[in-house]
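This briefing covers selected features of the structure shown below. Its points are grouped by topic for reading alongside the coordinates.

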Amino acid sequence: RTQAEMAHTCRGTINLSTAHIDTEDSCNIVLSNGGRTYHLKANSEVERQRWVTALELAKAKAIRMRNNQSDDSGDEEPASQSDKSELHGTLKTLSSKLEDLSTCNDLIAKHGAALQRSLSELENLKLPAESGEKIKAVNERATLFRITSNAMINACRDFLDLAETHSRKWQRALQYEREQRIRLEETIEQLAKQHNSLERACRGAPGSAGSAGTAKGSVQSAKGEASDEDEETEYFDAMEDAPAFITVTADPKHHRRSGSNLSGASEGHPEDWNLEDSVFESSNQSSYNESCKDLLPKKRRRTRIPDKPNYSLNLWSIMKNCIGKELSKIPMPVNFNEPLSMLQRLTEDLEYHELLDKAVKCESSTEQMCFVAAFSVSSYSTTVHRTAKPFNPLLGETYELDRLEEFGFRSLCEQVSHHPPAAAHHVFSKRGWTLWQEITIASKFRGKYLSIMPLGAIHLEFHSSGNHYVWRKVTSTVHNIIVGKLWIDQSGEIEIVNHKSKDKCQLKFTPYSYFSRDVPRKVTGVVSDADGKAHYVMSGTWDEKMECSKIVQSSHGSTSSEGKQKTVYQTLSPKVLWKKYPLPENAENMYFFSDLALTLNEPEERVAPTDSRLRPDQRLMESGRWDEANVEKQRLEEKQRAVRRRREAEAVEALEEGKDYEGYIPLWFERKVDPVTGELICVYKGGYWEAKDKQDWSVCPDIF
């Protein structure tokens, strides 16, 4: 290789032109260059001799290249004939242009000399003094013009000489880069083939099949418990068992519109897909949530927060303070946080609440299911850029979001448990729906990434119809925990069940794959009735939009390579149910908060003293005072530990006296057995909004 090419080589390269090639025995070869030595071993003496011969030839070629930098030969294959002809053609064109310039130079010199003679003759004539001065000035300009022309021609000649001198070096460098690109493409293709082969081998292995079956059972049971299966099983458990289907858009010429209402959509007739009477909006019209976005709220909310400070984070300074300490006592700085608590992040799921307002108007339960499915997906749209973790709420911490006058709903969250951390949430809307949930976060650190598994069911009930929907969240994965830029992915399945009509919706969140041709962050699903008949196909991405297509016909397609038979759904044109709001201006400097997130920590009067807005460390961080926030955060955590130690002492004392100890009792929620899922869940028992009206917060503890 030339010196220029050596700058592009990978680590561990040896320059053969200065290398020593020796043989130790019948099979070993020693290749050394300065302080680097490689010991190579051949399978036989014949093979060793072939390698030694090839290395000696390559060394001789490298020496020739070093001695003659202008030589066209190289250790790589020579440039193609087309590249050489193209280069020679370019040089020939440049030479031709240079000859034209030389001809022009000769003509300029010839006519310039004649012009100067004529001007000299004019100067010798007896003319007025003023005319003589003008002629003299013209003569000087003509001389300058000739000198400039000669300089231009000389510069062009020098450029051509330089191009001829360096053309071969440029050609070799270009050819080297092309070959490197080809090698990289071949390597990536081989890696992709190996990856696919490994996937097929894992799926076909008896052991993995058994574990996958176990994982399937844990998912279908919908208990939301973290699986103890290995890494591969957890990654593929739901994906492998998802129903495979293909959608084909029907020709609109064969399906006329009718004046009937979409309430008969469950029958599957194409004429029921009515744009005028249906609550679905056409994809070429303004979506419902965009029209709601234009409604001006009665109270003006803030549209920005202080920019995020550019503080450097010294990981070693954190790690050295953790030596010898319990994990629960390690103070994590606010550098890893965003200025919102987990209760506020839970409330952020309501950003697209208008989807539920729209669902109230649906006459068909399967049609209503489409909007509920779109709402369940929309809650992930804010996570795509939000890699910072929210503040862990203190036990007894609350958060209210009162938008009754603006959007018709009231939301209340409370941290009801600290170990494990659990938050209860209740939302009432005067527009005809109620939502409640209790979420516990389980996480597993797997070296390169962190899996976050929300455990617990989400309940949604519509007042007029009595339809009761239940679903669970998918797994969130934070990648590049140790090295690289953090990014978040969502993977798994959501099964939404209407426990009144028994309608179901299976949503599949496809995990990101470098080798997949699918759209990143893809979500697909099918809405079916109690008999298992499919009515709608859901499609889109969890960070952008969700569409719904009505099924007019279904048929069984070909069997896939994995032995599964795909179902082909013929659908009408899709309708956009949900589309993500654009982020506010300067969002990248405001933690990538959405318009709603910017208002969540806005100070408000008359809230409970346990409200997250009043948390001092979170408020200091939002103001950009991170050092003070870290001090305040440690104070609050130590205060919470002291309360926990006192509670544990009370429990021990009660046990010694033979008394029952109830432990921590939530303020505004109470534990009951859910009649639908059979799980013990915290539900709202009332009293918060009445206490707010009276401003009677005597039951609230002093947690800040």
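Tyr591 lies in the loop between strand 21 (575–579) and helix 13 (595–600). This is a predicted model, and in it Tyr591 has a positive phi of about 65° although it is not a glycine. With a relative accessibility of 7%, Tyr591 counts as buried.

**Backbone geometry in loops**

- Most residues other than glycine have a negative phi, and most peptide bonds are trans.
- A cis peptide bond leads from His419 to Pro420, with omega near -5°.
- Pro420 belongs to the loop between strand 8 and strand 9.

- Strand 8 (residues 409–417) pairs with strand 9 in the antiparallel sense over eight bridges.
- The two strands are joined by a hairpin of four residues, and Ser417 has Ala422 in strand 9 as its bridge partner.
- Strand 9 also runs antiparallel to strand 10 (residues 433–445), to which eight bridges join it.
- Within this second pairing, Val427 stands opposite Leu435 in strand 10.
- The hairpin of strand 9 and strand 10 has three residues between the strands, and Gly432 takes a positive phi near 115° there.
- Strand 9 (residues 422–429) is largely enclosed by the rest of the structure, because seven of its eight residues are buried.
- Leu412 is a residue of strand 8 and is buried, at 1% relative accessibility.
- The C-alpha atoms of Leu412 and Leu343 are 8.9 Å apart in space, while the two residues are 69 apart in sequence.

- Three strands in the order 1-2-3 form an open sheet with antiparallel pairing.
- Strand 1 (20–23) and strand 3 (36–41) stand at the edges with a single partner strand each, so one side of each has no neighbour in the sheet.
- On average, neighbouring strands of this sheet are turned by 20° against each other, direction ignored.
- Four bridges connect strand 1 with strand 2 (residues 28–33) in the antiparallel sense, and Ser32 in strand 2 is the bridge partner of His20.

**Helix 11**

- Helix 11 (residues 365–378) consists of 14 residues.
- From its first C-alpha to its last, helix 11 reaches 20 Å, close to the 20 Å expected at 1.5 Å a residue.
- Helix 11 is mostly covered, with 13 of its 14 residues buried.

**Salt bridges**

- The structure contains 34 salt bridges.
- Arg304 and Asp307 form a salt bridge through their side chains at 2.8 Å, N to O; Arg304 is partly exposed at 43% relative accessibility, and Asp307 is partly exposed at 38%.
- A salt bridge at 2.9 Å, N to O, joins the side chains of Asp617 and Arg615; Asp617 counts as buried at 0% relative accessibility, as does Arg615 at 2%.
- In the salt bridge of Glu604 with Arg613, the closest N and O atoms are 3.8 Å apart; both Glu604 and Arg613 are buried.
- Glu604 and Arg613 also belong to a network of salt bridges that links them with Arg301, Arg403, Glu406 and Asp611.

**Nonpolar surface patch**

- Leu184, Ile188, Leu191, Trp487, Tyr512, Tyr514 and Phe515 make up a nonpolar patch on the surface.
- Together these residues have about 680 Å² of accessible area.
- Helix 4 (residues 129–204) gives the most to the nonpolar patch, contributing three residues.
- Leu184 is located in helix 4 and counts as exposed, with a relative accessibility of 52%.

Notes
Residues numbered from 1 in each chain as written. Predicted model: local features only at pLDDT ≥ 70, side-chain atom pairs only at ≥ 80, totals over all residues. Heavy atoms only, no water. Pairing = 2+ DSSP bridges. Axes fitted to C-alpha atoms, helices over the stretch in contact; angles between N-to-C directions. Expected span 1.5 Å × (residues − 1). Buried < 20%, exposed > 50% of the residue type's maximum accessible area, 1.4 Å probe, protein only. Salt bridge = Lys/Arg side-chain N within 4 Å of Asp/Glu carboxyl O. Patch = residues over 30% accessible without salt bridge, like charges linked within 9 Å, V, L, I, M, F, W, Y side chains within 5 Å. Areas by Shrake-Rupley, 256 points an atom, 1.4 Å probe, with all protein chains shown as cover.
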